[in-house]
Amino acid sequence: MATIALYANKINQMPGLITDIKKSVTDYKSELSTLKTKMLTINKSVCNLDDVMISIQTSTNTQEQKIASLDTLKQNNENFVTAVVRSDSNAADVINKCKNDFYKEYLYLKPDSEKNGWEKLRDNVLKPIGQWCKDHWKEIAAAIVAVVVAIFVGIEALLMLGIATLLMFLMTGCSNSDITTTESPTTTESPMTTESPTTTESPSIVSREQLIDCGWDPSVLTDEMVAELNRVLEKYGITTPEKIAHFMAQCLRESAQGKGLTEWGSEEYFAGLSYDRKYRGVGYIHMTHDYGYQAFAIFLALQEYPELSNYATYKNPNNNDKATINREYTKLLNGAKELGIDISKYTNIYDNGCDYVSQNYAWETAGYYWSVSGLNDIVDSGASVDDVSRKVNKWDTDQAFQEKRDYYNNIIDKKIFK
């Protein structure tokens, strides 16, 4: 607070008080002058007033000096006030400069009462928005990309619709005779005819009847199971008669003709293995070990979300240890979290173990293991059933090896897959 403001009331009263005193002295001087004038009219023969006159004159001079002193006091007071105001102004400038320099260095200490409108808007509104954008820039970028892609897809769809409309117009302008002579009868149908649902299904490589001939238990051969098998055969390139025969022979033995999608055994049995019941053998070709489940989850997640390959890499459990695969699985989880991708259907593979996999990925595990083990190439090279069996489970019993040979020979002898 300025010094002048501390005593403002008293200082402001001083000019008035000096003026009142000066007026009183002036009035007194005037009275003396009047008295002196009247005394001049008195005859000295009657009364000698020289001493009185001298006294009045002296008093008048004194009053004049007092008036002069009061004028000087008033002027000094005004000069004092001016000097104090100037000093306070200079001090205020210095203080404000120091304060501004301090807040430039330590802006975060500046209280709201010291901030102007722009600074309040910047700190209370713009800065939180900027921080949020910084924290969520990946989601914002993804949203922008999604919007741009949606726009381009929409434009492309409109263009395709326009082209289709033009083609329909041109086709309706052609004569029926032209159409029938250049196309099969099925092409004379309207272009808007709905396609048969069978055209969108996976190609039928094997049938239920063929599977029964191979030795599968008919009670497990539902339409869904057969359809899923055909999808997996197509996906993993198991499409030649020789590859299908070898694949069926392994799956029939591994899953007990489809009745054992999870590995059987007592607690004592699993106690002697390197994996527990949760991660026991599962699928039509049994997948085992916790890190094997993790590798399978990584494999499927990267197929659906290739952008996650920037975070994690698939590591084949046939030639990578548990620690390596576990690190990649952790990277996958972190990447999905950063990108906001829900991969729970794949993390459930590891989190829930064999029960979840047997219900959702029984055929997928078989096709996956066949693929990452390079068994298509092994079969193409002319490998025997035992060669394939050793690749699938080299620790199997002699009886298991013989059963796989029997299944394979049955398929070949009957020429089930031509």
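By salt bridge I mean a side-chain nitrogen of Lys or Arg within 4 Å of a carboxyl oxygen of Asp or Glu. In this model, which is predicted, Glu254 and Lys404 meet that criterion, with an N to O distance of 3.6 Å. Glu254 belongs to helix H9, residues 241-254, and Lys404 to helix H18, residues 398-414; the pair thus links distant parts of the chain, 150 residues apart. Both Glu254 and Lys404 are buried.

By this rule the count comes to 14 salt bridges. Another of them joins Glu364 to Arg231, with the closest N and O atoms 2.3 Å apart. Because Glu364 lies in helix H15, residues 362-372, and Arg231 in helix H8, this pair ties together parts that are 133 residues apart in sequence. Glu364 counts as buried, at 3% relative accessibility, whereas Arg231, at 28%, counts as partly exposed. The two residues also belong to a salt-bridge network that includes Glu228 and Lys235.

A local example is found in helix H17, residues 385-393, where Asp387 and Arg390 are three residues apart, about one turn of the helix. Their closest N and O atoms are 2.8 Å apart. Asp387 is partly exposed at 33% relative accessibility, and Arg390 is partly exposed at 43%.

Let me turn to the chain as a whole. Its secondary structure comprises 18 helices and zero strands. Of its 418 residues, 31% count as buried. Among contacts with a separation of 6 or more, 64% are between residues 24 or more positions apart.

Which residues form the nonpolar surface patch of about 670 Å²? They are Ile144, Val147, Val148, Ile151, Phe152, Ile155 and Leu159. Ile144 is located in helix H5, residues 137-173, and is partly exposed at 49% relative accessibility.

Beyond its neighbours within four places in sequence, Leu221 is in contact with Arg208, Leu211, Ile212 and Trp216. The C-alpha atoms of Leu221 and Leu211 are separated by 8.2 Å.

Finally, a word on confidence. The average pLDDT of the chain is 81, and 80% of the residues score at least 70. By element, the highest mean is 98, in helix H11, residues 290-304, and the lowest is 36, in helix H6, residues 176-182. Over residues 173-200 the pLDDT is below 50, and this stretch has six contacts in the model beyond near neighbours in sequence.

Technical notes. Residues numbered from 1 in each chain as written. Heavy atoms only, no water. pLDDT = per-residue confidence, 0-100. Helix = DSSP H or I, 4+ residues; strand = E, 2+ residues; numbered from the N terminus. Contact = heavy atoms within 4.5 Å. Patch = residues over 30% accessible without salt bridge, like charges linked within 9 Å, V, L, I, M, F, W, Y side chains within 5 Å. Areas by Shrake-Rupley, 256 points an atom, 1.4 Å probe, with all protein chains shown as cover. Buried < 20%, exposed > 50% of the residue type's maximum accessible area, 1.4 Å probe, protein only.
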